[in-house]
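Here are my notes on this model. Please read them with the structure open.

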Amino acid sequence: MSIVTVQLGQCGNQIGHEVFNAICSDVHGTHGLCSKKENESYCDACKERFFCEEESEVPVARAVLVDMEPKVISQTLSMAARSGYWKYDDRSHFCQKQGSGNNWANGYSVHGPRHKEVIMNLVQKEAEKCDRLGGFFTIMSMAGGTGSGLGAYVTQCLRDAFPTSFILNHVIWPYGTGEIIVQNYNSVLTLSHLYQSSDALLVHENDVIHKICAQLMNIKQISFRDVNQVIAHQLGSVFQPTYTAEGGLHYSRNPLGSFRDPSLYTSWLNPQDAFNVWKTPRAFNKYEKSASLVSNSQFLLKPLDNVVGKAWNMFASKAYIHQYTKFGIEEEDFLDSFTALEQVISSYTIL
Amino acid sequence: KGIYDEALSSFFRNVDTRSGGDGPDIYKGKICSLKARALLIDMEEGVVNEILQGPLRDVFDSKQLITDVSGSGNNWAVGHKLYGSQYRENIVEKLRKAAEHCDCLQCFFIIHSMGGGTGSGLGTFVLNLLEDEFPEVYRFVTSVYPSGEDDVITSPYNTVLAMKELNEHADCVLPIENESLFDIVNKIHQMINSGKLGSTVKQNSLVTSSAGSAKTVQEKPFDAMNNIVANLLLNLTSSARFEGSLNMDLNEISMNLVPFPRLHYLVSSLTPLYTLADVNVPSRRLDQMFSDAFSREHQLIQADPKHSLYLACALLVRGNVQVSDLRRNIERLKPSLHFVSWNQEGWKTGLCSVPPVGHSHSLLSLANNTCVKPTFIELKDRFMKLYKKKAHLHHYLHVDGMEQSCFSEAISSLSDLIEEYNELDATKGGPRTDPSRLKIAV
């Protein structure tokens, strides 16, 4: 059961790299209290899920790297190769030179259609390398231009090309006091579009992770690398092979498929199914015991409401709109997105 | 010799000159001969000739020069209308050539002054040309504005006429005032000559010197001042050239800092101005850098952003600075700044790993702030003083293609711009009522 990861934009590629690192080092790490056989079974499942074993050297990550400027991908590829433990496929990346200028419209309406064929070809190739395709995992930030805009477009394309596959979007929520001034516009546009094509949105907020680094981990000078490593650790622990509630001896659970449990995301739910537990005796990344909680709750309500509020406030003054209409996203498109998200907010609020 | 890489390729071509003369471009590998991706235009020969005899003579190709002999007589109309039409074809041809050598042309930098005839007139003519010939390529303009005591009497005319072009055809303008550059140069001299015990300044770290130059006394005052502007452009493009954990490209600067098309005048502030040789860098020093960026002494124009309204602000950090340092300082400085109601928390930030030569870190802040309004109002006043008396007007109207309407349109354009800033200023400090959100029927 394999997963194809699509890394989009600077954030997506930087995090993706840390995720594969975390998984790889977990596989090579101590197995804690479980048996050797247990460990072997775990490692095999894990490797198959995220890596492709090629004849020669090291495992190759099942990933497609996409960015509209070359520096990050170039760094990501070389850092992975230098680790000696794993690498990316040299051909599984696509980049351009100009970037998306933090402009969602540029990513979605210009780069999307222009590069759709090339990108989908790369995805198709990776999908074909899998014996059993469990689904797609995309990593993107919603604040910028490529991850957000091109990411939304690619997700749509994935949905069209693989109508029955599971698509999980990992979305990074930017710091409240911006990294990007138009981040709220980009976020609103991204979320409203992803809701239409994605099966589940897994969210990490920079502010929250930052607090973890500061308060729980006591890091003095927190870098994006620190933030990304925490995120990668959390993701890795959620994706690690585990047994389902029915028990059994095989690591066959599709980590993405479990997200399909209707209890786990946007639509409306039976409280009994709301909490699922998965277990494994095997340690994860040096922690002998660890627990990860993935929940669908109202916790995102406040941040979502915040982002929509700020974006609406800016929209009312028409600030920056000319930058979007320049690339084909009109005021109407903004209104559609706002409407879609207000509906989500109101649904969560009345829970 | 070094390696020709992506960073160098942003500003230079690498030409194979081994067989004498111009060979093909070498895209990767060792540096053979670096040629600036630039056009040098002047209607007098003195300055360009000096460059061609100086240490950078091999960097500029004679085919990239457009010169004439008589100059523009500090007359915008001569520069724009007369020389514009005369040299149009020549300029377009050379631009196309230069563009062909680029595999991905993202941005033009126009560097000129506003107060004279060539930079101001012909410069803005070229700006128009760029928009016509290369509509998708960004146009960043670095403009040196004349001071009130400028010795060119007609500089207000030239500046206002040029402003109309900047309003309509530039994506971003970085106004520079000589007075600010001069103050920075003086501040550095004081620092060097103060001879405080234990605080020797690292020579190559001066924002006024080009690295490697060992002169303690600049021979020409403009050299030091010009180097400050050069450093501004270096820092502006650093994140596009070098890697970092949060890249910031030039198109992102335009996207985030220009909320309305004509409001694209950015106040720039550079820090540090120098590095002390024997001081190590605790975190407090880092925070000082952020405070300095918001002090008027580090700005490249005379303005008061702290008492005006921020529409947007960008921080480009270079060197060993991490996101937590950025966050901490934004939180610290935010309360003393006034941001427009629809952008209370918007900051554009970039982290580039490579610091400038001689420094461990640096910061460039770019602000879209209504504090430029007084500068423009003063300019308008100086213009009107001359215009009401029709002083020197005939020098302009004599030029073919130049009419009275050019003047009235230009001053009207400036007035409109000032009015846009006025409207924004009017919102400052007022009661904040957020627009009501969409109501959804459940």
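1. Terms first. Buried means under 20% relative accessible area, exposed means over 50%, and partly exposed lies in between (1.4 Å probe, protein chains only). Helices (H or I, at least four residues) and strands (E, at least two) are DSSP runs, numbered from the N terminus.

2. Ground rules. This is a predicted model: local features need pLDDT of at least 70, side-chain atom pairs count only at pLDDT 80 or more, and totals for chains, interfaces and linings use all residues. Residues are numbered from 1 along each chain as its sequence is written, chains are lettered from A and ligands numbered from 1 in the order in which they are written, and side-chain values use heavy atoms, with hydrogens and water left out.

3. Helix H2 of chain A covers residues 36-50. Its 15 residues reach 21 Å from first C-alpha to last, close to the 21 Å expected at 1.5 Å a residue. The expected span is 1.5 Å times one less than the number of residues.

4. Which residues of H2(A) are buried? They are Glu38(A), Asn39(A), Tyr42(A), Cys43(A), Ala45(A), Cys46(A), Arg49(A) and Phe50(A). Seen down the axis of H2(A), these buried residues fall within an arc of 165°, so they line one face of the helix. The arc is taken from the directions from the helix axis to the C-beta atoms. An α-helix has 3.6 residues a turn, so residues three or four places apart point the same way.

5. On the other side of H2(A), Lys36(A), Lys37(A) and Asp44(A) are exposed. The buried residues of H2(A) pack against several elements of chain A, including helix H1 (9-28) and helix H8 (224-239). Strands E1 (2-8), E2 (51-52) and E3 (60-61) of chain A are packing partners too.

6. Now the chain interface. In contact (heavy atoms within 4.5 Å) are 56 residues of chain B and 51 residues of chain A. The area buried between the two chains is about 4400 Å², with carbon and sulfur atoms giving 53%. Buried area is the accessible area (1.4 Å probe) that two parts lose on being put together, summed over both.

7. How many salt bridges cross the interface of chain B and chain A? The rule finds 5. It asks for a side-chain nitrogen of Lys or Arg within 4 Å of a carboxyl oxygen of Asp or Glu. Lys97(A) forms a salt bridge with Asp103(B), the closest N and O atoms being 3.5 Å apart.

8. Finally, Ser436(B) is found in the segment after helix H13 (404-426) of chain B. At 59% relative accessibility, Ser436(B) counts as exposed.
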